[in-house]
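This report is meant for a reader who is meeting the structure for the first time. Please keep the sequence and the model at hand while reading.

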Amino acid sequence: MGSNMAEAHPVGFQWVMEAKGRGARVFHVDPRFTRTSAVADTYVPLRAGSDIAFLGGVINYVLENDLAFHEYVAAYTNASFLVREDFADTEDLDGLFSGYDPETATYDRSSWFYEGAEPGVEDEERARSQTEPLQTGAGGAGVGGAGDVPRDPTLQDPRCVYQVLKRHFARYTPEMVERVCGTPRAQFLEVCRGWTANSNRERTTALVYSVGWTQHSVGAQYIRTGAILQLLLGNIGRPGGGVFALRGHASIQGSTDIPTLFNLLPGYLAMPDDSHADLAAWIADQRSDGHKGYGYQVDAHLVSLLKEYFGDAATPENDFGFGWLPRINGDHGTYRTVMDMIDGKVFGYVVMGQNPAVGSAHGKLQRLGLANLEWLVVRDLNEIETATFWKDSPEVETGEIVPERCRTEVFLMPAASHVEKEGTFTQTQRMLQWRTKALEPTGDRRSELWFAYHLGRLVRERLADSTDERDLPMQKLAWDYATEPGPDGPGPWDEPSADDVLRRINGYDLTTGELLSSYLPLKADGSTSAGCWIYTGVYAGGVNQAARRKPHTEQGPYDAEWGWTWPLNRRVLYNRASADPEGRPWSERKKLIWWDAERGEWTGHDVPDFPVRTPPGHVAPEGSTGPDALGGDDAFIMQADGKAWLFAPHGVLDGPLPTHYEPHESPIRNPLYTQQGNPTRVVYGRPDNPSNPAPPERGSEVFPYVLTAARLTEHHTAGGMSRQLPYLAELQPALFVEVSPELARERGLEHLGEAHVVTSRAAVQARVMVTDRMRPLRIDGRTIHQVWLPYHFGHTGLVRGDVVNDLFGVVEDPNVFIQESKVATCDVRPGPRPRGAALTALLEQVRAAAGVTVETGTRIATAIGTPHVEEDS
C-alpha cells in the first residue's frame with residue numbers, strides 16, 4: 001500500500017517476485033492499477049487518502065474475529081497498560097480526542113498518558129512548531145514512570161489499551177470501508193483473510209509502503225496504523241515480517257540517518273532548542289522517569305558526537321561544546337523557509353541534490369521564493385529548473401517574474417555523479433554499501449564531500465581572526481579530515497578521503513586511538529567519539545565493513561558479510577520478538593534468535609537485539625534505568641517502556657490512535673465523524689497558497705475529482721537526470737494524465753488529445769490517456785473519479801512539460817511537516833491550457849467560482865462550534 005514498488009523501486013521488487021515464485025501471495029492496494037498491480041496476485045482499489053479507513057477495517061476484522069497473536073501481543077506490546085480515566089476517544093468526541101484546543105489547533109496530551117504516569121507540562125505550540133515527534137528520534141518518547149503503570153494481563157479492563165483499541169476501530173466495518181474507500185466488500189475481506197491466515201506462529205506477512213503513505217496530512221498516522229496491525233498479528237521483529245519504508249533512491253536512508261533535517265542531529269538525536277541552557281538540560285529533556293532501554297544513553301551518544309565535531313576543543317569544562325550547537329526556535333522546515341523567502345526574511349539558499357522548482361509541492365510558490373533571494377547556489381549534474389527559473393519558468397510567461405528585474409544571482413556548481421566518487425550508500429534496509437569510484441569526473445565537476453569540505457575550509461580561514469562570539473563554532477570545528485591526491489598529484493584542492501570520513505563516523509576510543517566496534521562502549525565523559533552512534537561498528541576491527549562482498553553461496557541465510565547494516569550489523573530490528581517470552585523461537589521454521597541457557601546468552605542467526613546476557617523472565621531491579629531496566633520480555637529496546645505501542649501515550653501530536661480524516665482537499669464529507677480533516681494539520685493561510693474548498697465549506701463542486709501523482713520507472717524524481725538522456729526521454733516523451741473512460745465521456749476528453757488539470761493554484765497541460773487503470777469508485781453513495789499524473793516534467797531537458805507539483809498547495813502533517821502531495825481535488829478540462837495573462841485570468845475565475853479566500857481550508861475544527869482560522873501557523 002502507498003507504493004508502486006515494481007515501477008518506483010524495481011531493484012527491490014525483484015525479491016518480491018522471487019518470493020512470489022516460491023509461493024508468496026502478493027496483494028497490491030492502490031488508487032491506480034499499476035505495473036505492481038499487474039504482477040500481484042490480487043489488485044485492490046481504494047480512494048487516495050482513505051488508507052487509514054482501509055487498515056482500520058483490517059484491524060477491526062482482527063479484533064472482532066479474535067485473530068490477534070495473543071501471546072505476542074500480551075508479552076511485547078502495551079495492550080495490557082491502563083489509560084487514564086479522563087481520556088476520551090474520537091468515538092466520544094465525534095472525531096476529536098480529549099484535550100483539543102480549537103484556538104491553537106493543538107492537543108493538551110496529558111489525558112492520553114498511562115494511568116499513574118506523570119505527563120509533565122508541555123508547550124504544545126512549541127512542540128508543534130519544532131515537530132517534537134521527530135525529535136524523540138531513536139530514543140522514543142518518554143512516558144513518565146512507565147514501570148509503575150497498572151496493567152490488566154487478561155486484557156479485559158475497559159481502560160486497558162486492548163479494549164480502547166477495540167472500541168476505537170469498531171466502526172471500521174467492511175461496509176464502512178466500502179463506503180469510505182470505494183473498495184468492494186468482497187475484495188476487502190479477501191485481503192483480511194489472506195493477511196490474517198498468513199500471520200501466526202509459523203507464518204509472517206510483510207507490509208511495504210512508500211511516499212504514497214507519507215505525503216499526507218495524516219501521513220505519520222498511516223504508518224502507525226500499519227504498525228498496529230502488524231503488531232497485533234505478531235509480524236514485527238520476525239523473519240519475513242516487518243513494515244518496510246521504501247526509499248526513493250540509493251541513500252535517502254543515509255540522508256536521514258545523518259540528517260538534512262532542521263531538527264535532528266546524526267543518529268536521530270534531537271537538535272537543541274532555545275530552552276536548553278546547557279547539556280544537562282538537553283539530557284533531562286530526552287529522558288523520563290523509569291526510562292528503559294538504549295534511548296536512555298543519549299548523553300553518551302551526544303557527547304561522542306560533540307567530540308567528533310569539536311575534537312580537543314570539546315571538554316567537560318565547556319559542556320563538550322554543547323553551547324556551540326545551533327538552536328531551533330520554531331518552524332524552520334523547507335516550506336516555511338520558502339515562504340520566508342517570499343516575505344523577505346531569507347536572502348541566500350544552497351540547493352544540493354534537490355530540484356524544488358519541480359519536485360516540491362506548490363512549484364509556483366517555490367519559484368517565487370527563489371526569485372526573491374539575493375543569491376542562490378545550485379549544485380547538480382545538469383542545469384535544472386531551480387537554476388533557470390529566472391529566465392524560463394511559467395511565471396516569466398505570466399509576467400510574475402521578469403528576468404531583467406529578477407534580483408537573484410544564481411551560481412550553478414557542476415556536481416559529480418555517483419560513479420565519479422566513492423563512499424557509502426545507505427539503502428532502504430539500513431544497509432551501508434561502499435561504492436568505489438569508476439572514473440574521474442571531467443571538467444569542474446566535484447563530489448558533495450569535496451564541496452562541503454573545501455567550503456568549510458575557506459569559511460574557517462575567513463573567520464580565523466574573528467573575535468565575534470558567533471564565529472566560535474566554526475573556529476572550534478575539528479575540520480581535519482585526511483585528503484587524497486588527485487590525478488595531477490597533491491594540492492590544496494585535494495579530494496577529502498571518504499574512507500577517513502567513514503572512520504570518523506564510526507568513532508574512536510580516544511584513550512587508545514582504536515576504532516570502536518560497537519556503540520555499547522560510547523561514554524559521556526569525553527573519552528569516545530562517534531559521528532553517528534548508530535553507525536558505530538561499520539569500521540569494526542579497522543576493516544571497512546560496508547565494503548564486504550562475500551557471495552551468498554559462502555555464508556548463511558542472512559548474508560551478514562554483505563555490506564553492513566546499522567545498528568551492529570543487525571538485519572532484523574527488535575528480533576527479541578522472534579522468540580517467545582521463555583526465549584524459544586515461536587517456530588522452528590522461522591527461528592532467528594533464541595536463549596541459550598547453557599551459555600547464558602542470546603544467540604542465533606542474527607545479532608541479538610537485546611542485552612545479550614539478560615535472560616527471559618528477568619525482572620529489572622527497582623529504580624534501574626536504561627538497558628539495566630529492561631525486563632526479560634521488554635523486546636522493544638528503544639521504547640521508554642520496552643513495549644511496542646498499539647496506543648501512543650506520547651510522541652504524536654494528532655492522536656494516540658490513528659483516525660480516518662479526509663484529506664485537506666476532498667470532494668466528500670467525512671462519513672465517520674463530523675470532524676472533517678486532521679484537526680491539527682498545518683495550514684498556511686496566505687494569498688499565495690490558496691486551498692480548494694472541502695466540505696463543510698461550500699464550493700467543492702468546482703473541483704469534483706480526486707488528484708494524485710507518482711513516479712514512472714523511466715524518469716527519476718524531478719527529472720533533472722532522466723529528462724536529459726535520449727533513451728529515457730524517448731521512452732516517456734510527454735506528460736500525460738490518466739483518466740477513466742467514464743470521466744473522458746463526462747468531460748469530453750479524447751485519448752491522446754490534450755487536456756488541462758486545474759486547481760486553485762495552477763493549470764497543467766497534459767496528453768490524455770483514457771484507461772481502465774483509473775476506475776471510478778462508489779464513495780458514500782456517489783461516483784468519484786480519480787485522475788493521475790507523473791510529476792517528473794519541467795521546462796528544461798530534451799523532453800519538457802508542465803510542472804505537476806504546481807497543482808498542489810502546502811498543507812502539512814503536524815508531526816513531521818511533510819506536505820500533502822499525494823491527494824488533492826481538481827477539475828479536468830479538454831484542450832490546451834490558457835497561457836500568459838489568460839492563465840492568470842482562468843485561475844482567478846475558478847477561485848471566484850469556488851469562493852476561495854485566504855481563509856479557505858483554515859477552518860479545521862469542524863466537530864465543535866468554534867471555527868478556528870489559522871494564519872501563517
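## Salt bridges

A salt bridge is counted here when a side-chain nitrogen of Lys or Arg lies within 4 Å of a carboxyl oxygen of Asp or Glu. Arg599 and Asp596 form such a bridge, with their closest N and O atoms 3.9 Å apart, and Arg599 counts as partly exposed because its relative accessibility is 48%. The model is a predicted one, and it holds 50 salt bridges.

Another of these bridges joins the side chains of Arg35 and Glu7, at 3.3 Å from N to O. This pair links distant parts of the chain, since Arg35 belongs to helix H3 (residues 35-39) and Glu7 to helix H1 (residues 5-8), 28 residues apart. The two partners can also be described by their accessibility: Arg35 is partly exposed at 37%, whereas Glu7, with a relative accessible area of 4%, is buried.

A further bridge is found where the side chains of Asp827 and Arg829 meet, with 3.0 Å between N and O. Asp827 counts as buried at 5% relative accessibility, while Arg829, at 25%, counts as partly exposed. Elsewhere, salt bridges with shared partners join Arg336, Asp340, Asp343, Arg686 and Asp688 into one network.

## Aromatic rings

A pair of aromatic rings is described by the distance of the centres and the angle of the planes. With rings paired when their centres lie within 6.5 Å, the count comes to 30 aromatic pairs. For Tyr209 and Trp213 the ring centres are 5.1 Å apart and the planes stand at 20°, so this pair is stacked. Tyr209 is buried at 10% relative accessibility, and Trp213 is buried as well, with a relative accessible area of 0%.

Ring pairs also link Phe87, Phe97, Tyr100, Tyr107, Trp112 and Phe647 into a cluster. Charged side chains are found over rings in the model too: the charged end of Arg435 sits over the ring of Phe425, at 4.4 Å from its centre, and Arg576 lies over the face of Phe610, 5.7 Å from the ring centre.

## A nonpolar patch on the surface

On the surface, Val350, Met352, Trp375, Phe411 and Met413 form a nonpolar patch, and together they have about 410 Å² of accessible area. At least two residues of this patch are supplied by strand E9 (348-352), and at least two by strand E11 (409-414).

Which strand holds Phe411? Phe411 lies in strand E11, and it counts as partly exposed because its relative accessibility is 35%.

## A loop residue and an annotated domain

Thr674 is located in the loop that runs between strand E21 (601-604) and strand E22 (682-683), and with a relative accessible area of 32% it is partly exposed. Between Thr674 and Thr511 there are 163 residues of separation in sequence, and their C-alpha atoms are 62 Å apart in space.

In the UniProt record, which is an unreviewed entry, the annotation "domain: Molybdopterin dinucleotide-binding" covers residues 706-807. Over residues 706-807 the chain is 13% helix and 32% strand in the model, and the C-alpha atoms at the ends are 12 Å apart.

How values were computed
Residues numbered from 1 in each chain as written. Predicted model: local features only at pLDDT ≥ 70, side-chain atom pairs only at ≥ 80, totals over all residues. Heavy atoms only, no water. Patch = residues over 30% accessible without salt bridge, like charges linked within 9 Å, V, L, I, M, F, W, Y side chains within 5 Å. Areas by Shrake-Rupley, 256 points an atom, 1.4 Å probe, with all protein chains shown as cover. Helix = DSSP H or I, 4+ residues; strand = E, 2+ residues; numbered from the N terminus. Buried < 20%, exposed > 50% of the residue type's maximum accessible area, 1.4 Å probe, protein only. Phe/Tyr/Trp six-rings, centres within 6.5 Å; stacked < 30°, edge-to-face > 60°. Lys NZ or Arg CZ within 6 Å of the ring centre and 35° of its normal. UniProt positions renumbered as here; feature names shortened; annotations may be inferred.
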